[in-house]
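Have the sequence and the 3D view at hand as you read.

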Amino acid sequence: MLFNKIKRILIKRRISRMNNIKIVCGAGKTKFNGWLSLNIETLDITKDKDFNFLFKEKSIDNILLEHVVEHLLYEEFVTFLTIVKKYLKHGGNIRIAVPDKNHPSKYVQELTGINGKEPGAHDHKTFYNIEDFTSIANKTGYKLVGIEFFTNEHFFVGNDFNYENGYISRCSKNYTGRFTKNQDEYKKMIESVPEKLRNQFKEKNISYTSLLVDFIYE
């Protein structure tokens, strides 16, 4: 506890020297130039007191959460979006990537859904699609920009994006992993996709994709 308290104090000092406040939440060991990597021991994103301690004097420009939100309950995610508005600059951007409930592969859904079978997915608590995020954005007062997602009809929509608002590794253009490194796994994925939906994977050169969006505080 004392170590974490000291760590928070040091982080707060670092924040005071930053011009643009860009943070990665649930960062693990991920580090990006110009971004501050934070984990739950230094910032629990569902706790107002944690945000208040670090960001009372300096508002946040950008927040990046890559495959973090699915580990929260729905209510906890809404709580986070509500709390953080007090600490975001107007125009502030929250980039979020999560597993996509509309991915047409049943195998991918089993791996990444609630209590998923993939390593690290055993504690997934929620499974979202673009309609869910649209509803949540409306509920919490954000503008939603969809970057990458499958529609309710399971067709892929992908828009190019720059990394100024955050780099995402688990997306269509950056993904390397199970389905790019192992042909048997790729075959399992494709064969669990309804036949009428398979061509898009070859045509668009995609395999695993995320539901990737920006929540913008206007």
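Strand 5 (residues 143-150) pairs with strand 7 in the antiparallel sense, over 5 bridges. The model is predicted. Within this pairing, Glu148 stands opposite Leu212 of strand 7.

Strand 7 also pairs with strand 4 (residues 88-99). These two run antiparallel, and 8 bridges join them. Here Ala97 is the residue that stands opposite Leu212.

Elsewhere, strand 1 (residues 22-25) and strand 3 (residues 60-66) pair in the parallel sense over 3 bridges. Val24 has Leu64 in strand 3 as its bridge partner.

The table sets these pairings side by side.

| Strands | Sense | Bridges |
|---|---|---|
| Strand 5 and strand 7 | antiparallel | 5 bridges |
| Strand 4 and strand 7 | antiparallel | 8 bridges |
| Strand 1 and strand 3 | parallel | 3 bridges |

In which order do the 7 strands form the open sheet? The order is 2-1-3-4-7-5-6, and the pairing is mixed. Strand 2 (36-38) and strand 6 (156-158) stand at the edges. Each has a single partner strand, so one side of each is left without a neighbour in the sheet. From one strand to the next, the twist averages 20°.

Back to strand 7. Why is strand 7 largely enclosed by the rest of the structure? 8 of the 8 residues of strand 7 (residues 210-217) are buried, so the rest of the structure largely encloses this strand. Both of its faces are covered. On one side, Ser210, Leu212, Asp214 and Ile216 are buried. On the other, Leu211, Val213, Phe215 and Tyr217 are buried.

Key
Residues numbered from 1 in each chain as written. Predicted model: local features only at pLDDT ≥ 70, side-chain atom pairs only at ≥ 80, totals over all residues. Heavy atoms only, no water. Buried < 20%, exposed > 50% of the residue type's maximum accessible area, 1.4 Å probe, protein only. Helix = DSSP H or I, 4+ residues; strand = E, 2+ residues; numbered from the N terminus. Pairing = 2+ DSSP bridges. Axes fitted to C-alpha atoms, helices over the stretch in contact; angles between N-to-C directions.
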